[in-house]
Each structure stands twice: as C-alpha cells, then as structure tokens.
Amino acid sequence: MPVNSFRHRHRRVFRVFRLPALALLITAAGCSSADDSASAAVPSPDAGVTELCRNLDKVLPAKVGGERREDPEPASALTAGWGSPAIILRCGVPQPPKMVDPKVAEGRDADAVAGGVNGVDWLMEKQGDGHRFTTANREAYVEVRVPEGVDGSGVLIDLAAAVKKAIPAGIAS
C-alpha cells in the first residue's frame, strides 16, 4: 500500500472513535500500578521530532494528576514524570503497533481503544500494570504510562494543552 494511502487511512481510523468508549476505559484506568521505579528509557527520534519534544518539555505542567513533577532517570528533555508510582511521559517514541490494528479501529480489541480528550487524540492500551496512552494525529508520538489506581482521564486533561501547544497536528514520520 502506498505511504500516502496508509497515512490517509490511519488518520481516518482515529476519527471513527468516539469519546464515550475512551472515557469508559479511562475511568477503568483510574481503578486499575506502573512499577515504582522512577526510570524511563529515553527515545531516540530524528532531529525534527527531538526538537518538538524539547518544546513539549518546556511547556509541560508542574502538576499532573495532582502529583508534582519528578523526572525519571536518566534525565532527558524527552522524558518527564510525576508522582510515585510515577506517571511517565516519553516523547518521540515509535508508533505503537495497535495504532494500525484493524481490530482497534473496529472496536473489537478489549485491550485498546482510541479517542480524543480536549483536542488531543489518544490510543489507550491496557498494560499489566496500568495503561499506556499514545498520541495520534500529531507530528510526534507522545507516550504516557499511567499506573494502576491513577485517574487516566485527569492525566490526559492535564497534558492536553501542552501537547497541543508543542506537538503540531499531523502525521508522525
């Protein structure tokens, strides 16, 4: 399939989802723990995405989910963290495979759903220790890991303005 056709289909897939399904799963995320480790693998995107991620780092909120910012090790402008167990943000990650999975697009995947929160599209995936949210329809992929027991909807609401400001709408390369 030509790249342009794939990108066009990819964008359409994420517009199909509605907020109620995402809201339901985000609410479940609030009832579900990432490990207590304050470490995160630093992504290694290209120079353009790295610059977008540095811009995001500059505008991230001091508090997310009611928790103060406490960045993970190793220190990097491509990662951020809040609280303990930590809510971890990584900018410049690769596209998650589930983002193009037809089962997700059709709402047939019990462990993944897509939708929007405050103008930012997200793919939400259930993980063994919480949830992973990854931006969609942005020029860089931003991943947020939310530990079990943390309100995922509040986290995404807190991060939406910064993501919209620093990571332009579009298709990540």
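Reply: Start with Asn118, which sits in the loop between β5 (112-117) and β6 (120-127). Strands here are DSSP runs of E, at least two residues long, and helices are runs of H or I, at least four long; both are numbered from the N terminus. This is a predicted model, where local features need pLDDT of at least 70 and side-chain atom pairs count only at pLDDT 80 or more, while totals for chains, interfaces and linings use all residues. Residues are numbered from 1 along each chain as its sequence is written, and side-chain values use heavy atoms, with hydrogens and water left out.

Me: What is the phi of Asn118? Is Asn118 buried or partly exposed?

Reply: Phi of Asn118 is near 50°, a positive value in a residue other than glycine. Asn118 has a relative accessible area of 45%, so Asn118 is partly exposed. The cut-offs are under 20% for buried, over 50% for exposed and in between for partly exposed, with a 1.4 Å probe and protein chains only. Now take Asn137, in the loop between β7 and β8. Phi of Asn137 is near 60°, again positive in a residue other than glycine. Asn137 is buried, at 9% relative accessible area. For the protein chain of 173 residues, 46% count as buried.

Me: Which residues are joined by cis peptide bonds?

Reply: Pro74 lies in the loop between β2 and β3. Another cis bond joins Ser84 and Pro85, with omega about 0°. Pro85 lies in the loop between β3 and β4 (87-91).

Me: How many helices and strands does the protein chain have?

Reply: The protein chain has 5 helices and 8 strands. Along the sequence the pattern reads α-α-α-β-β-β-β-α-β-β-β-β-α.

Me: How do I read a pair of packed helices?

Reply: Two packed helices are described by the angle between their axes and the distance between the axes. Here α3 (residues 47-59) packs with α5 (residues 152-166) at about 140°, the axes being 9 Å apart. Axes are lines fitted to C-alpha atoms, for helices over the stretch in contact, and angles between N-to-C directions run from 0 to 180 degrees. The two helices are therefore oblique to each other; under 35 degrees counts as roughly parallel, over 145 as roughly antiparallel, 65 to 115 as roughly perpendicular, and the rest as oblique. On the α3 side, the contact is made by Leu52, Asn55, Leu56 and Val59; on the α5 side, by Ala162, Val163, Lys165 and Ala166. Contact means heavy atoms within 4.5 Å.

Me: How many salt bridges does the structure hold?

Reply: Side chains of opposite charge can pair when their charged atoms come close. This structure holds 8 salt bridges; each has a side-chain nitrogen of Lys or Arg within 4 Å of a carboxyl oxygen of Asp or Glu. Asp57 and Arg69 form one, at 2.4 Å from N to O. Asp57 lies in helix α3 and Arg69 in the loop between β2 (67-68) and β3 (79-82), so the pair ties together parts 12 residues apart in sequence. Arg69 also meets Asp71, at 2.7 Å from N to O. Arg69 is partly exposed at 26% relative accessibility, and Asp71 is partly exposed at 37%.

Me: Which residues are linked in a network of salt bridges?

Reply: Arg90, Glu125, Arg132, Glu143 and Arg145 are linked in a network. Within it, Glu143 pairs with Arg132, the closest N and O atoms being 3.8 Å apart. Glu143 is in strand β8 (residues 142-147) and Arg132 in strand β7 (residues 130-136), 11 residues apart. Both Glu143 and Arg132 are buried.
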